[in-house]
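Take a look at the model below.

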Amino acid sequence: MPMPTEERVSQLVAGLVERRGFDLEGVAIVAVGRAQTRVTVTVDSDAGVDLDAVAELSSDLSQTLDDAGDFGETPYLLEVTTPGVDRPLTTPRHWRRAQGRKVRVALRSGAPTPDDSSRFEARVGPVTDTEVALVLGGKRKPHRVTVALADIEKAVVQVEFSPPGAAEMELAGGVVPGRPEPGAADAAEPDGVVPNPVIASTEGIVE
């Protein structure tokens, strides 16, 4: 029996994820050896996600997938996880949840360039549906500019190993409630390893 597609699994789980108060950020399906499949469902919310909530959602999603029967008799490992700290920002909600974090930004060709550079690092400030405030200059010369989201080709949150300056954090407006302070969790990881997201796993096997 062929494996269901990522699009199909997304359709199966999207409603339940939304009812539990989360946003579905992605589904990935990969073969693990010859006998098992790993299904990774990535979720997030404005208030952040704790392990208990993820574990409960994992159990509910496993039951949903079992009931649908799309995996037949093939065993699968379901992982429900949150996005890593270094994820790309692609929607306004991603930017909103990254407020206070440092990002590496690449602007689209022809877009206005703050400080005469189309590639730069900045700290995320307040966000609307169409634009984001970015704090440039780091700890020494922090200043805030506004950039249209449509002008941003790529933006990725950066791992930080030291706390930001007080002035740049004030200009950024602080972090969203429920999110870790930049530099705190990152610096606790040894040898430059990117902090792991919250993960809960569930075995799913149709009897």
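Beyond its neighbours within four places in sequence, Ser162 is in contact with Lys139 and Gly183. Contact here means heavy atoms within 4.5 Å. Ser162 and Gly183 are 21 residues apart along the chain, yet 4.7 Å separates their C-alpha atoms. Ser162 sits in the loop between S8 and H4. Its relative accessibility is 38%, so Ser162 counts as partly exposed. The classes are these: buried is under 20% relative accessible area, exposed is over 50%, and partly exposed lies in between (1.4 Å probe, protein chains only).

A word on the source. This is a predicted model, in which local features need pLDDT of at least 70 and side-chain atom pairs count only at pLDDT 80 or more, while totals for chains, interfaces and linings use all residues. Residues are numbered from 1 along each chain as its sequence is written, and side-chain values use heavy atoms, with hydrogens and water left out.

The loop between strand S8 (152-157) and helix H4 (166-172) also holds a charged partner. Arg123 forms a salt bridge with Glu160, with 2.9 Å between the closest N and O atoms. Arg123 lies in strand S5 (residues 119-127) and Glu160 in the S8-H4 loop, so the pair ties together parts that are 37 residues apart in sequence. Both Arg123 and Glu160 are buried.

What makes a salt bridge in these terms? A side-chain nitrogen of Lys or Arg must lie within 4 Å of a carboxyl oxygen of Asp or Glu. Side chains of opposite charge can pair when their charged atoms come close. The structure holds 13 salt bridges.

Which residues are linked in a network of salt bridges? They are Asp23, Glu25, Asp44, Asp46, Arg93, Arg96 and Arg97. Start with Asp23. Its side chain meets that of Arg97 in a salt bridge at 2.3 Å, N to O. Asp23 lies in strand S1 and Arg97 in helix H3, so this pair ties together parts that are 74 residues apart in sequence. Asp23 also pairs with Arg93, where the closest N and O atoms are 3.6 Å apart. Arg93 is in helix H3 (residues 92-97) and Asp23 in strand S1 (residues 23-32), so this link spans parts that are 70 residues apart in sequence.

How do these side chains differ in cover? Arg97, at 5% relative accessibility, counts as buried. Arg93 is partly exposed at 25%. Asp23 is partly exposed too, with a relative accessible area of 25%.

Now the backbone. Asp115 has a phi near 55°, a positive value in a residue other than glycine. It lies in the loop between strand S4 (102-107) and S5. Asp116, found in the loop between S4 and S5, has a positive phi of about 60° although it is not a glycine. Asp116 is exposed, with a relative accessible area of 74%.

Step back to the whole chain. It has five helices and nine strands. These are DSSP runs, numbered from the N terminus: helices are H or I with at least four residues, strands are E with at least two. Along the sequence the pattern reads α-β-β-α-β-α-β-β-β-β-β-α-α-β. Of the 207 residues, 42% count as buried. Among contacts with a separation of 6 or more, 63% join residues 24 or more positions apart. The chain exposes about 11000 Å², and carbon and sulfur atoms supply 49% of it. Accessible areas come from the Shrake-Rupley method with a 1.4 Å probe; for residues, only the protein chains shown count as cover.
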